Amino acid sequence: MWLPLQLYGVQAFRDSLEEKIFLSRYLYQKLSEIPNVVTGRPPQLTVITFYCDVGTDEENEIFNTNLLTEILNDGSFYLTSIRIQGKLCLRVCPIHNRSHKDSIDRFLMILQEKIGKLAAQNNHIN
């Protein structure tokens, strides 16, 4: 940590953190606009949770597990899952130094593509 601080200064770290907080809020807002996507609480820092509501708890569990697998198999983005009040949620944290608005927009595009693919395969989400 000492060397990057010496090379780039404190302001570079502040700017980066500010950008990542902006990206988290932006992602949260965009996720909340996607039909059938349920977002968790607004991010305080950089972690956003969400899931697709496609019907029963069991259907949601299967759908979101498959969605996570599809996104991970795509290889462009990495996200994890977490249980919140018994529901399987997907968790994304755009804090990587190469995460910028264009990568968030690309993630949203891939997410919607995967949701559409799974919905068509399983007759979910009208």
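**Aromatic pairs**

Two aromatic pairs are found in this predicted model, where rings of Phe, Tyr and Trp (its six-membered ring) pair if their centres lie within 6.5 Å, planes under 30 degrees apart counting as stacked, over 60 as edge-to-face and the rest as tilted. Residues are numbered from 1 along each chain as its sequence is written. Because the model is predicted, local features need pLDDT of at least 70 and side-chain atom pairs count only at pLDDT 80 or more, while totals for chains, interfaces and linings use all residues; side-chain values use heavy atoms, with hydrogens and water left out.

Select F22 and Y26. Their ring centres are 6.0 Å apart and the planes meet at 20°, so this pair is stacked. Both residues belong to helix α1 (residues 2–32), where four residues, about one turn of the helix, separate them. Helices (H or I, at least four residues) and strands (E, at least two) are DSSP runs, numbered from the N terminus. F22 is partly exposed at a relative accessible area of 45%, whereas Y26 is buried at 16%. Here buried means under 20% relative accessible area, exposed over 50%, and partly exposed in between (1.4 Å probe, protein chains only).

Proceed to F77 and F107. With ring centres 5.4 Å apart and planes at 70°, the pair is edge-to-face. F77 sits in the loop between α2 (57–74) and β3 (80–84) and F107 in helix α3 (residues 101–122), so the pair ties together parts that are 30 residues apart in sequence. Both F77 and F107 are buried.

**A nonpolar patch**

Next, select M1, W2, L3, L5, L7, Y8, V10 and F13, which make a nonpolar surface patch of about 910 Å². Patches are made of residues with over 30% relative accessible area and no salt bridge; like charges are joined within 9 Å, and nonpolar side chains (Val, Leu, Ile, Met, Phe, Trp, Tyr) within 5 Å. The accessible areas come from the Shrake-Rupley method with a 1.4 Å probe; for residues, only the protein chains shown count as cover. Within this selection, M1 is placed in the segment before α1 and is exposed, at 67% relative accessibility.

**Salt bridges**

Side chains of opposite charge can pair when their charged atoms come close. The whole structure holds eight salt bridges, each defined as a side-chain nitrogen of Lys or Arg within 4 Å of a carboxyl oxygen of Asp or Glu.

Select K30 and E33 to display one of them, in which the closest N and O atoms are 3.9 Å apart. K30 is partly exposed, with a relative accessible area of 29%, and E33 is also partly exposed, at 47%.

Then turn to D74 and K114, whose side chains form a salt bridge at 3.9 Å, N to O. This pair links distant parts of the chain, with D74 in helix α2 and K114 in helix α3, 40 residues apart. D74 is partly exposed at 32%; K114, at 9% relative accessibility, is buried.

Finally, select K101 and D105, which meet in a salt bridge at 3.1 Å, N to O. The two residues are four apart in helix α3, a separation of about one helical turn. Both partners are partly exposed: D105 has 29% relative accessibility, and K101 has a relative accessible area of 38%.
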